Structure formats: structure tokens, C-alpha cells
Amino acid sequence: MEHTPAGKPNFDWVAPFYDFLAFLVFGHRLRRAQVVFLNQIPTNAHILIVGGGTGWLLQQVLIHCQPNQVVYLEASAQMLARASKRVINHNIAGSVVFRVGDEMSLKPEKSFDVIMTPFVLDLFTEQYLQSGLIPQLQKVLNPSGLWFVTDFVNPRIGWQKLLLWTMIRFFRLTAGIKTVELADWQKLLAESGLQRSKQKGQVSGMVSTEVWYL
Ligand SMILES: C[S@@+](CC[C@H](N)C(=O)[O-])C[C@H]1O[C@@H](n2cnc3c(N)ncnc32)[C@H](O)[C@@H]1O
């Protein structure tokens, strides 16, 4: 299992069984959480999906949101290959630019009406979210744009804490994530000047689905 030289997460090794594992632990609940506010996406939007994995969310966006174009930015080539295969196999219409890379490869001159980060913020330390990921994505969000976040939030119940702790250790080992505990991404988004317009707790309160704007 390889980790990237820069110490960034690498989900290539996990890609073949990621969906199965997520289903085993959570059933379809992580998927359902991601589509709660999909009806808030305006038609004809330019959408950036960061870390969409094997492409289930992309499929939903293409089917339900009539986007102008989706840029599908995935750090894992294996995940990306699965996502593009999914679109082809299901014969889904729509304009999608598949790109292997991360937030550092985004150019400020190309901005988006909608940014989606499904279970991505939980991979990073507070420090990196604050100085890297959040400002990079903010730069490419249109002034009237929306940022859809679905992610784990710090649980208060014992078994949920244990589950989260186990997941973080698992992805530290298999995908080389650097964080040791879940960052308070809600606080960091608010501190960076974003405001929350919608929020819904999911998965017995372990997950929050939110919409933020500038
Ligand atoms: C925990 S998985 C979630 C996958 C998918 N969103 C889902 O819920 O099934 C995180 C995904 O984000 C990707 N990823 C991690 N860091 C990234 C980055 N900086 N830019 C783009 N993708 C990233 C990983 O390759 C992986 O596919």
C-alpha cells in the first residue's frame, strides 16, 4: 500500500472495497446523507465534486440536478476510474470533467456555483483544513455559490466515539491520512467567513449534512 510522497491521503489501495466496507458498517445511510439537500442545487450549475470516491454521488447529481458541467476532482486514480466507469456503464448523460488531483491543482480563474465535499473534511488535520483545503476551495467558489458538506461530527455517545476512533485508525493505516482526531470543520468553516444556511443531522447524529455560502 503506497502513500503519496507529500503525505497526502491515497485511497488507491482501499478503492476496490471502500463501498462494500461503508455498506457493511453503515448500510446505505452514508449515501442517503449526501443527497439530503440535493434539491437546493440550481439547474445549469457548474459543480465541483471533491473526493467523490467511486461516483455514486456524481450519478445522483447527473440524474437529479441538470448541471451545466461537473468537475470531478479525485486524488485517487483508482476511485476516479471507478467513477467514470459508473457513468459509462449506467449510460448517464451529462458533461463531466474527470480529473485526478486535489485542491492544489485548482485554478482560481475557474470558479463554481456549487462545491461538494462528501466525507472529505474528516480526513484532514485542523491545521491543514485551515491553511490549505478550506481557503483553496473558497477561492474557487462563486460569490453566490453554495458549498455542500456531508461529514462526521464529533459524537457524544460511547459506541459512536469508538467507531470513529476505529475508522480514523483504519484510514491512517490503509490510506495514510494524517489526522488523529476529527477536526471541528464546522468551526473552521465559520471562522473562514462562511455561513451555514442548512443543516441536518444524520446517522444517529454522527453525520451532519450542511449547506454553506460566502
Ligand atoms: C472517505 S473517502 C469518501 C468517498 C466518497 N465521497 C463516499 O462517501 O463514498 C474520501 C475520498 O476523498 C478522496 N480525497 C482525499 N483527499 C482528497 C483531496 N485533497 N482532493 C480530492 N480528493 C481527495 C479520496 O481519494 C477518497 O476517494
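**View 1. Phe119 and Phe152, a buried pair of rings.** In this predicted model, Phe119 and Phe152 are both buried. Their rings make a tilted aromatic pair, with 5.2 Å from centre to centre and 50° between the planes. Phe119 sits in the loop between strand E4 (112-118) and helix H5 (126-139), while Phe152 belongs to strand E5 (residues 141-152), so the pair links parts of the chain that are 33 residues apart.

**View 2. Tyr18 meets Phe171.** Here the ring centres are 6.1 Å apart and the planes sit at 35°, so this pair counts as tilted too. Tyr18 comes from helix H1 (residues 18-26) and Phe171 from helix H6 (residues 158-175), so the pair ties together parts that are 153 residues apart in sequence. Tyr18 is partly exposed, at 23% relative accessibility, whereas Phe171 is buried, at 14%. Look around and you'll find Phe11 and Phe170, which form one aromatic cluster with Tyr18 and Phe171.

**View 3. The seven-stranded open sheet.** Follow the strands in the order E3-E2-E1-E4-E5-E7-E6; the pairing is mixed. Strand E3 (96-100) and strand E6 (195-202) stand at the edges with a single partner strand each, so one side of each has no neighbour in the sheet. On average, neighbouring strands are turned by 15° against each other, ignoring direction.

**View 4. E4 beside E5, with helix H5 packed on the sheet.** E4 and E5 run parallel and are joined by six bridges. Ile115 has its bridge partner in E5: Trp147. Helix H5 touches strand E1 (46-50), E4 and E5, and its direction makes about 145° with that of E5.

Methods. Residues are numbered from 1 along each chain as its sequence is written. This is a predicted model: local features need pLDDT of at least 70, side-chain atom pairs count only at pLDDT 80 or more; totals for chains, interfaces and linings use all residues. Side-chain values use heavy atoms; hydrogens and water are left out. Rings of Phe, Tyr and Trp (its six-membered ring) pair if their centres lie within 6.5 Å; planes under 30 degrees apart count as stacked, over 60 as edge-to-face and the rest as tilted. Helices (H or I, at least four residues) and strands (E, at least two) are DSSP runs, numbered from the N terminus. Buried means under 20% relative accessible area, exposed over 50%, partly exposed in between (1.4 Å probe, protein chains only). Two strands pair if DSSP finds at least two bridges between them. Axes are lines fitted to C-alpha atoms, for helices over the stretch in contact, and angles run from 0 to 180 degrees between N-to-C directions. Contact means heavy atoms within 4.5 Å.
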